[in-house]
Amino acid sequence: MGRADTPTSATHPTHAHGAPHAHTEPGYIHHKDAQLKRLRRVEGQVRGLHRMVENDMYCIDILTQVSAATKALEAVALGLLQDHLKHCLVEAATNPGADLDAKLNEASAAIARLVRS
């Protein structure tokens, strides 16, 4: 993937199981800037964690920062899930040709993964 002769996920979006998406834009498209801002914040937090370990910082301080980074990633995940439910699931529910059961199963599996993590 990523070679000039191979389609990328940006040009041909697919589900995690490899089936193509029925629509062309992701559910988060209207909140993309906010999601990218959150992800940049997480990147900074993880870089800070790396520095803390390199500098032999106190374990509890590092764990506190790990917790903050985890919460920030959870906020990204919940935002993506909400956008998916509002956009992709609603689209499937209102489109007679869509496989609503598959979309519901996909959303349920994503929620289960989030709950387990």
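Mentor: Happy to; I will start with the chain as a whole and then go through the charged side chains and their neighbours.

Please keep in mind that this is a predicted model, in which local features need pLDDT of at least 70 and side-chain atom pairs count only at pLDDT 80 or more, while totals for chains, interfaces and linings use all residues. Residues are numbered from 1 along each chain as its sequence is written, and side-chain values use heavy atoms, with hydrogens and water left out.

The protein chain has three helices and zero strands, so its pattern along the sequence reads α-α-α, where helices (H or I, at least four residues) and strands (E, at least two) are DSSP runs numbered from the N terminus. The chain has 117 residues, and 20% of them count as buried. Here buried means under 20% relative accessible area, exposed means over 50%, and partly exposed lies in between (1.4 Å probe, protein chains only). Among contacts with a separation of 6 or more, 51% join residues 24 or more positions apart, a contact being heavy atoms within 4.5 Å.

Now to the charges. Lys and Arg count as positive, Asp and Glu as negative, and His and the chain ends are not counted. Each charge is placed at NZ of Lys, CZ of Arg, CG of Asp or CD of Glu. A salt bridge is a side-chain nitrogen of Lys or Arg within 4 Å of a carboxyl oxygen of Asp or Glu, and the whole structure holds two of them.

Lysine 71 is exposed at 53% relative accessibility, whereas glutamate 74 is partly exposed at 36%. The other pairs lysine 103 with glutamate 106, at 3.8 Å from N to O. This pair is separated by about one helical turn because the two residues are three apart in helix H3 (residues 100-116). Lysine 103 is buried, at 11% relative accessible area, and glutamate 106 is partly exposed at 23%.

What about a buried charge with no salt bridge? Aspartate 83 is such a residue: the nearest side chain of opposite charge belongs to lysine 86, 5.9 Å away. Aspartate 83 sits in helix H2 (residues 59-94). Leaving out residues up to four places away in sequence, aspartate 83 touches Gly27, Tyr28, His31 and Cys88.

Aspartate 101, in helix H3, has a relative accessible area of 55%. Aspartate 101 is twelve residues from leucine 89 in sequence, and their C-alpha atoms are 9.8 Å apart. Aspartate 56 lies in the loop between H1 and H2 and is exposed at 67%. Aspartate 56 also has a positive phi of about 55°, although it is not a glycine. Most residues other than glycine have a negative phi.

The surface also carries patches, made of residues with over 30% relative accessible area and no salt bridge, where like charges are joined within 9 Å and nonpolar side chains (Val, Leu, Ile, Met, Phe, Trp, Tyr) within 5 Å. Lys37, Arg38, Arg40 and Arg41 form a patch of positive charge, and arginine 40 is in helix H1 (residues 32-54). A nonpolar patch is made by Leu36, Leu39 and Leu73, which together have about 230 Å² of accessible area. Leucine 39 is in helix H1 too and is partly exposed at 35%.

Valine 76 is in helix H2 and is buried, at 6% relative accessible area. Apart from neighbours within four places in sequence, valine 76 contacts Gln35, Arg38 and Leu39. Arg38 belongs to the positive patch and Leu39 to the nonpolar one. Valine 76 and valine 42 are 34 residues apart along the chain, with 9.4 Å between their C-alpha atoms.

Notes: Accessible areas come from the Shrake-Rupley method with a 1.4 Å probe; for residues, only the protein chains shown count as cover.
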